[in-house]
Amino acid sequence: MKEKLNLSITNDFLFKEFFRTQNSEGEYIFLKSLVESLLNQPVDHIELKPTEINGDDLTAKDIRLDLLAKINQDKNVNLEMQTASGLMEVANRAVIYLCQILLDQQSKGIAYSDFNETHVAFFVLKNSFPKDAYYHQHFRFTSVAGITLTNVANIHIIEVYNGFMQQIEIVDMTMLLKWIYFMLYRQGTENEKIMNVIESEDILKEGLKVFNELTQDEIMKDRAFARQKWERDIAQLKYEGRQEALAEGRIEGLAEGRMLAVLEMAKNMLSLNVDVDIIMKATGLTSAQIEELKE
C-alpha cells in the first residue's frame, strides 16, 4: 500500500517542475518572481540552460543541477532545493556548483573579464544559522575590511524553516519570505498563516492553482513519491556505502553505494511506468542498463 504523502514544493522533483512552468505567453512567471525576490532586481528575460555539467575527466564527478537560468542576458542563476544536508555540506556543494558554472564559461572561451555574474542559491529545510538570524544569507568574495573583490561569484543560502519561524506581519514581508511560506504549503495540512500569505499575492494564488493541478496528475504524484522514497533510500545507502568503505579501507564502497542507489531509483521509476527517456535523464543510466533492469 502506497504511503500517504503531503506534497509540497520542497520535494525537489516538484520544485523543478513547478518553476519550469510557463504561462500561455511562454513566460516563466513563477521563476521570474522568485528570482526577482532573490536578487532584489527586475528580470526582463529568462532562458533555461542545460542542468548537467560534466566533469573534466573520468574521475571527476558530474553535476546535475535543479534549475539553471540565464537572466537578462548577463547573469546565471542556479536554484537548488536541499532537504537533508547540513550546513557544511550545503556550503561546500554550493562552492563546487558555483565553480563548475564559472568553469563552464571559461571552457567556452569567454574572457575572464566577460564572465556572467553567477548566483547559486540553496533553499534548505534545516535552520543552520542561529534562530534569530536573517533567513537569507548572501555570500561573495569580500575582504575582512568589507571590500568586494568581485561580483561574479555569489552564494545564497535561504533557510526555509528559519524563514517560516520569523514573526513578521504579512504586510511587512518581503516577496522572498512569501515564497518561503508558499514552499511550505502542504496539501491536506493547510496552515492558516500560509494560506493568508498566499492570498496576499496574485502570483502565489496562481501558483497554488498550478501546484494543485501538477499534484493531481497521477503520473506526477507517482514521480514525486518515487523521488521522496529515493531521497530516504539514498541516505541509507550512502551511509552503508561509507561504512563498508571505512571497514574495508577502500573507497570503492562509496561508488558501489551510489550505483546501488541509482539502480534502485531506476527500478522504482520503472515500476511506476515512467518513460525510459525520463529515467535516463534522472539517473544518468544508458538505455541498455535500464533495459537490463526490466529483465
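This is a predicted model: local features need pLDDT of at least 70, side-chain atom pairs count only at pLDDT 80 or more; totals for chains, interfaces and linings use all residues.
Close-up 1. Leaving aside neighbours within four places in sequence, Leu204 is in contact with Met175, Lys178, Trp179, Phe182, Val197 and Ile198. Leu204 belongs to helix 7, which comprises residues 202-216, and it is buried, with a relative accessible area of 0%. Between Leu204 and Tyr181, which are 23 residues apart in sequence, the C-alpha to C-alpha distance is 9.9 Å.

**Close-up 2. The aromatic pair of Phe18 and Phe182.** In the protein chain the count of aromatic pairs comes to 12. In the pair of Phe18 and Phe182 the ring centres are 5.4 Å apart and the planes stand at 35°, so the pair is tilted. Phe18 lies in helix 1 (residues 12-19) and Phe182 in helix 5 (residues 175-183), so the pair ties together parts that are 164 residues apart in sequence. Phe18 counts as buried at 0% relative accessibility, and Phe182 likewise counts as buried, at 2%.

**Close-up 3. The aromatic pair of Tyr134 and Tyr135.** The ring centres of Tyr134 and Tyr135 are 4.5 Å apart with their planes at 40°, so this pair is tilted. Tyr134 counts as partly exposed, at 44% relative accessibility, whereas Tyr135, at 1%, counts as buried.

**Close-up 4. An aromatic cluster that includes Phe18 and Phe182.** One aromatic cluster is formed by Phe15, Phe18, Phe19, Phe30, Phe123, Trp179 and Phe182. Among these residues, Trp179 and Phe182 are also in contact with Leu204.

Key: Residues are numbered from 1 along each chain as its sequence is written. Side-chain values use heavy atoms; hydrogens and water are left out. Helices (H or I, at least four residues) and strands (E, at least two) are DSSP runs, numbered from the N terminus. Buried means under 20% relative accessible area, exposed over 50%, partly exposed in between (1.4 Å probe, protein chains only). Contact means heavy atoms within 4.5 Å. Rings of Phe, Tyr and Trp (its six-membered ring) pair if their centres lie within 6.5 Å; planes under 30 degrees apart count as stacked, over 60 as edge-to-face and the rest as tilted.
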